[in-house]
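Please walk through the model below one region at a time.

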Amino acid sequence: MRLSRRRFLAGLSGAFVATRLPAATERITLVADSIDTRIAGRKIPMLGFNGSLPGPTMRFRQGQAVGITLKNHLDDGALVHWHGLRIPNRMDGVNVLTQDVIAPGRSFDYQFRVRDAGTFWYHSHYLSYEQVSRGLFGAFIVEENIPPAVDHDIVVQFFDVLLAKDGKYDEAFRPNQFSTEGRIGNVVTSYASVSSVKAGDRLRLRLINPSIDRIYRLRLSGLVGRIVAFDGMPLSEPMDFETILLAPGQRCDVIGDVRGNVVFRDIWGPDEADLGDIAVSATRPPTPEPIKPLPPNRVPPMQKPSRSAELVLQGGVGGLPHRGTGTWALNDSSGLPRRPFLSVPRGSTVEISVRNETGFPHVMHLHGHHFWERDTAGTFAAFRDSTFLDIGEQRNILVTLDNPGAWMLHCHMLSHQADGMATWIRVA
Ligand SMILES: [Cu+2]
């Protein structure tokens, strides 16, 4: 059952800190700490990076070397995962598989080069269902060396919070939140990095869903545009759309021209909800240029699979029984199994049939790689890091496993991940 939601627009007023780096490597310090932030009109204790929720939007230039020191000022462990970035395994921020949890008072240096331009994000990967839902996330933007000509490059993050009767973050984690659609907030917020534009402006919208479990189906009004990228990876041709499905962890880039107030509405689920808007303050002549594809990233060419595999999503309320120990399971195993789901030599291309046999939707995220997603027309179209599977849905994905290491593959509904829907792949 969906709880009622109230409209809230905290982010339009502030909380955004853009960090732009020069061409050489420079260290950024990211401090995870308790913060007080304003939600639904009240100041409440949450978590944040560098004092803000969302954390600072980081902007880098494609190819740049990046150094980020994560300082843990929490009372609990900390880890950060750089979602969608194809980086060395030891920088991936995953407990057990790639690094130890950073203890309170300690720090860790993340260092990597950003190969792909696009819209990515970073978030806690330790007790993530709790730490992300308390605010430990932010946008990670890699700019093209020749970015598209737009008047505004705007990051919009859609985030929900479950508040208790006292108006504070609900500390109770109930079993049904883990066994059904997840921990769905009763307040939905949108954080946009720009609050006012002109009619006629050309915008690039970088839409991100950092919510732990909530799915959005976005309807945009006031903007005539096309989708140019999913999960940070450009489409070969911009795509028309009526709505945009944004499951937890997913991103979508849209380039379009402003016709009026840009309003975001969510039509997922029974009650349509207003998620916020970017207001129009004046009018100017529109850009005559057509919307062109973004420059492609250098990705592995699509290859014939050398092997195939099957991944079955199981469990949850109403789901068939399985042999895993958690509520949810992947191929009869809950949580990270001792042996990986797949163990392949570097460079192998695998076609994985992913089948959702549960009574709830899921979104499967692979670390360290993007994969081709077969669309309903039967062709591999989008190159993504997270694929959405509705109830009963089956989809093939094609992945070239060219990044050595131990890579997590899990549902990005973080309540599902916490209760078993996780496995891993070893690339030797
Ligand atoms: Cu799930």
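Predicted model: local features only at pLDDT ≥ 70, side-chain atom pairs only at ≥ 80, totals over all residues.

Asn-50 sits in the loop that runs between β4 and β5. Asn-50 is not a glycine, yet its phi is positive, at about 50 degrees. Its relative accessible area is 39%, so Asn-50 is partly exposed. Pro-54 is also placed in the loop between β4 (42–49) and β5 (57–61). The peptide bond joining Leu-53 and Pro-54 is cis, with omega about -5 degrees. Most peptide bonds are trans, and most residues other than glycine have a negative phi.

A positive phi of about 50 degrees is also found at Asn-331, again not a glycine. Asn-331 belongs to the loop between β21 (328–330) and β22 (342–344). Its relative accessibility is 33%, and Asn-331 therefore counts as partly exposed.

Another loop, between β10 (137–143) and β11 (152–161), holds Glu-144. Is Glu-144 buried or exposed? With 3% relative accessibility, under the 20% limit, Glu-144 counts as buried. The side chain of Glu-144 makes a polar contact of 3.0 Å with the side chain of Arg-204. Arg-204 is one of the residues in contact with Glu-144 beyond four places in sequence; the others are Arg-61, Gln-62, Ala-117, Leu-294 and Pro-295. Arg-61 is 83 residues from Glu-144 along the chain, and their C-alpha atoms are 6.5 Å apart.

His-362 is part of β24 (residues 362–366), and because its relative accessibility is 0%, it counts as buried. Which side chain makes a polar contact with that of His-362? The partner is the side chain of His-416, at 3.0 Å. Beyond four places in sequence, the residues that His-362 touches include Leu-313, Trp-328, Phe-388, Leu-389, Met-413 and Met-421, as well as Asn-356, Thr-387 and Cys-411.

The last stop is the largest pocket, which holds about 680 Å³ of space. Its lining has 24 residues, and those nearest the centre are Phe-230, Met-239, Glu-373, Asp-375 and Arg-384. Domain 2 (175–283) and domain 3 (307–427) each contribute at least three residues to the lining. At least two lining residues come from each of β15 (216–230), β16 (233–239), β17 (244–246), β25 (371–374) and β26 (380–384). Of the strands, β16 gives the most, with four residues. By type, the lining consists of ten nonpolar, ten charged and four polar residues.

How values were computed
Residues numbered from 1 in each chain as written. Heavy atoms only, no water. 1 Å grid on protein atoms, 1.4 Å probe; cavity = no way out; pocket = protein on both sides within 12 Å on 5 of 7 lines; lining within 4 Å. Points joined across faces, edges and corners; volume = space filled by probe spheres on them. Nonpolar A, V, L, I, M, F, W, Y, C, P; charged D, E, K, R; others polar. Domains from an automatic or database assignment. Buried < 20%, exposed > 50% of the residue type's maximum accessible area, 1.4 Å probe, protein only. Polar contact = N/O pair within 3.5 Å; in protein donor to acceptor, adjacent residues only side chain to side chain. Contact = heavy atoms within 4.5 Å.
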